[in-house]
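Q: Could we go through the helix packing and the salt bridges of this one? I have the coordinates loaded.
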Amino acid sequence: MVILGAGPAGLVLGNVLVDNGIDCVILERADRAHVQTRARAGFLAANTVRVLERHGLADGLRRHGHEHSVCEFRTEDGRFRLDYSGLGTGEPHTVYPQQHLVTDLLAHYLDAGGRIRFGTEAVAVHDADTPRPSVLAREPDGRPVTWQARYVAGCDGRHGAARRSLPPGAAHRHHRDHGVTWLGLLAEAPPSLDAVGYALHDRGFAGHMARTSETTRYYLQCGPGTTADPSPGESPATGPAAWPDERIWDELALRMRAADYGPLRRGRILQRTVVDLESDVLEPLRHGALFLVGDAASLISPSAAKGANLAVLEAEILAHALIEDVKNADSAALDGYSARCLAYIWRAQEFSHWMIRLLHAAPGSDDAALFENRLRRARMDALRTSRTRQDWFAENYVGV
Ligand code: RFL
């Protein structure tokens, strides 16, 4: 088995396979330091924690992660809090930064004797629909190398080689640009509130999510066309120079109504990422011997914090299916892999889509925008006042 990519998907898959005596190798484009320091997700669903526990992969998050169960909405109509662990399925999130999880998964994989090649970029998957599939890769010194395997798992994200290698017509691509751009920020500052904060403001959305006792992720909705890294000559109005630390904190304070609800704890901005809210789902997730997992299978906007959770879940489903196939010559679960994962993916997409429409005002001031914005207000009002709606929210918010 060749696994492309050492993110949450590739490493969970690799761990479960190695622990079950199935030979595999992971090809990872980046070096180890990069993989272990890439800050992205942080909110793990209860089901994700259960998957990791089942395979002995949850020691770090049990020791250093913390439970989180409250979100706070701030709008033109005031603020309200939901303790979602007392609603829906009654479960909290576990907050544990993705780079720490990846570090744990990698250590466990290597301790178990797992093989990984860092600095090795997969270029293409060949002959996936034949009994002899192969992966063409580039070694760290640039030399080409071919890996042959019975199966290939594409866990190499949205821009990886697995997606690129699908022949035309092998999968249908569902793509939706939600027309909203966020500046994703990682601040060297303790969380400012004991809740996930969602602030709706005339100037746009602002979000607050704890990461560790020293770091906090913030989001700021920004103008379309904002780039994290403008090309030479590009207007600074669209680049990171337009967002010096002070402007970020002032804007966050304004949108989060710090004057009414308490100041934000400021600190250095460690990371600025531009996130265009998009959905992208391939259907089916299998082409012969090639299986797509995690972000390679579907991209989901971070509005509902589902991406890493789906990656872990899909990796376990694929691992179990491969074990059945290799050990018991039973391919039924492999045949059902795509349909089973797509059911989870579309449910997560639906909720994420709902969250996007809850958190962002429709642009413009024409009748259509006015109508949309009245609906958005009614949606928020129902969430504030209806216990049934709150149960539905909690179940979907914390679940995958
Ligand atoms: P990853 O983590 O992107 O890992 C893919 C790996 O593949 C390597 N790679 C290649 N290797 C070999 N050959 C090639 N050709 C390769 N091309 C790429 C890459 O170097 C990398 O190591 O994918 P995976 O494993 O599918 O995991 C997906 C998650 O990382 C992603 O969905 C989440 O981070 C999304 N996300 C969140 N998800 C949550 O569940 N909860 C959250 O709170 C949350 N917050 C976020 C997020 C994503 C964010 N960004 C940056 C879009 C916050 C942000 C800001």
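Q: At what angle do the axes of α9 and α10 cross?
A: In this predicted model, the axes of helix α9 (residues 307-328) and helix α10 (residues 332-359) cross at roughly 170° and come within 9 Å. The two helices are therefore roughly antiparallel to each other.

Q: Is the crossing of α9 and α10 right-handed or left-handed?
A: The crossing in which α9 passes α10 is right-handed.

Q: And which residues meet there?
A: From α9, the residues are L310, L313, E314, I317, L318, A321, L322 and D325. They meet A333, L334, Y337, R340, C341, Y344, I345 and A348 in α10. Sorted by class, this contact of α9 with α10 comprises 13 nonpolar residues, three charged ones and no polar ones.

Q: What about α1, at what angle does that helix pack with α9?
A: Helix α1 (residues 8-19) and α9 pack at about 30°, and their axes are 8 Å apart. That angle makes α1 roughly parallel to α9. The crossing of α1 and α9 is right-handed.

Q: Which residues make that contact?
A: On the α1 side they are P8, A9, V12, L13, V16 and L17. The α9 side contributes A311, V312, A315, E316, L318, A319, L322 and I323. By class, the contact of α1 with α9 has 13 nonpolar residues, one charged residue and no polar residues.

Q: Changing topic: how many salt bridges are found in the whole structure?
A: The search finds 30 salt bridges. One of the pairs is R54 with E316, whose side chains meet at 2.8 Å, N to O.

Q: Where do R54 and E316 sit?
A: R54 belongs to helix α3 (residues 46-54) and E316 to helix α9, and the pair links parts of the chain 262 residues apart. E316 counts as buried because its relative accessibility is 6%.

Q: Which residue forms a salt bridge with D77?
A: The partner of D77 is R384, with the closest N and O atoms 3.9 Å apart. D77 lies in the loop between β5 (70-75) and β6 (78-83), while R384 is in helix α11 (residues 367-385), so this pair links distant parts of the chain, 307 residues apart.

Q: Are D77 and R384 buried or partly exposed?
A: D77 counts as partly exposed at 38% relative accessibility. R384 is also partly exposed, with a relative accessible area of 23%.

Q: And what does R203 pair with?
A: The side chain of R203 meets that of E251 in a salt bridge of 2.8 Å, N to O. R203 is in the loop between β14 (196-199) and β15 (206-210) and E251 is in helix α7 (residues 245-255), so the pair ties together parts 48 residues apart in sequence. R203 is partly exposed at 47%, whereas E251 counts as buried at 7%.

Q: Which residues are linked in a network of salt bridges?
A: One such network links E72, R74, R79, R81 and D194.

Q: Last topic: where is H55 found?
A: H55 is in the loop between α3 and α4 (59-64). With a relative accessibility of 15%, H55 counts as buried.

Q: Which residues is H55 in contact with?
A: Apart from neighbours within four places in sequence, H55 is in contact with V16, D19, H108, E316 and H320. From C-alpha to C-alpha, H55 and D19 are 8.4 Å apart in space, and they are 36 residues apart in sequence.

Key:
Residues numbered from 1 in each chain as written. Predicted model: local features only at pLDDT ≥ 70, side-chain atom pairs only at ≥ 80, totals over all residues. Heavy atoms only, no water. Axes fitted to C-alpha atoms, helices over the stretch in contact; angles between N-to-C directions. Helix = DSSP H or I, 4+ residues; strand = E, 2+ residues; numbered from the N terminus. Parallel < 35°, antiparallel > 145°, perpendicular 65-115°, else oblique. Left-handed = near helix turned anticlockwise from the far one by under 90°. Contact = heavy atoms within 4.5 Å. Nonpolar A, V, L, I, M, F, W, Y, C, P; charged D, E, K, R; others polar. Salt bridge = Lys/Arg side-chain N within 4 Å of Asp/Glu carboxyl O. Buried < 20%, exposed > 50% of the residue type's maximum accessible area, 1.4 Å probe, protein only.
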